[in-house]
Amino acid sequence: KENIEDLSRFLKLELISDVKKNNGYIGESLKLTKKTANNILNYAENSMTETSDKVQKTFETLTQGLTQNFKEIQNKSTSNLNTLQKLITDNEITITAAFTKNLNSIVEKIEARMKQHEDFMTTSVAVCAEAFSHMSRG
C-alpha cells in the first residue's frame, strides 16, 4: 500500500506537473513552428515576387535595348544605302563623261584618218589618171 501511495504522490506532484509543462512546451513549439512556417512561406512568396519583378524588368530592358539597336541598325543601313546610291550615281556620271570624251576623241581620230585617206586617194587617183591618160578605155 505504501508503494501505491508513493506512486500516487509521485504522479500528482511530479508526473502531472511534468506532463502539463510538456504540453505547454509542445503548444509553444507548435506555435513557433507555425510562426516559422508562415515566415518561410512569406519569405518564399516575397522572394518569388521580387524575382518575378526583376525578371520582368530585365526582359523590358532587354526588349528596349534590342528595339533601340534594331532602330540604329536600320538607320545606319538606310544611311549607307543612300550613300552607296549617291556614289553609284556619281560614278555613273563620271564614267559616262569619260566614256563620251574618249569616244569623241576616237571618232575625231577616225575622221582625221579617213580625211587623210581620202586626201591620199584623191591625190593617187589624180596622179594615176594623169599617168595613164594616154591609154584607151575599154
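Guide: A residue is called buried under 20% relative accessible area, exposed over 50%, and partly exposed in between (1.4 Å probe, protein chains only). Of the 138 residues of this protein, 0% count as buried. The model is predicted: local features need pLDDT of at least 70, side-chain atom pairs count only at pLDDT 80 or more, and totals for chains, interfaces and linings use all residues. Residues are numbered from 1 along each chain as its sequence is written, and side-chain values use heavy atoms, with hydrogens and water left out.

Visitor: How many helices and strands does the protein have?

Guide: Helices (H or I, at least four residues) and strands (E, at least two) are DSSP runs, numbered from the N terminus. Here there is 1 helix and there are 0 strands. Helix H1 covers residues 2-131 and includes Val55.

Visitor: Which residues form a salt bridge, and how far apart are the closest N and O atoms?

Guide: Side chains of opposite charge can pair when their charged atoms come close. The rule asks for a side-chain nitrogen of Lys or Arg within 4 Å of a carboxyl oxygen of Asp or Glu. The count is 1 salt bridge. Lys86 pairs with Asp90, with 3.0 Å between the closest N and O atoms. Both residues belong to helix H1, 4 residues apart, or about one turn of the helix.

Visitor: Is Lys86 buried or exposed?

Guide: Lys86 counts as exposed because its relative accessibility is 52%. Asp90, at 31%, is partly exposed.
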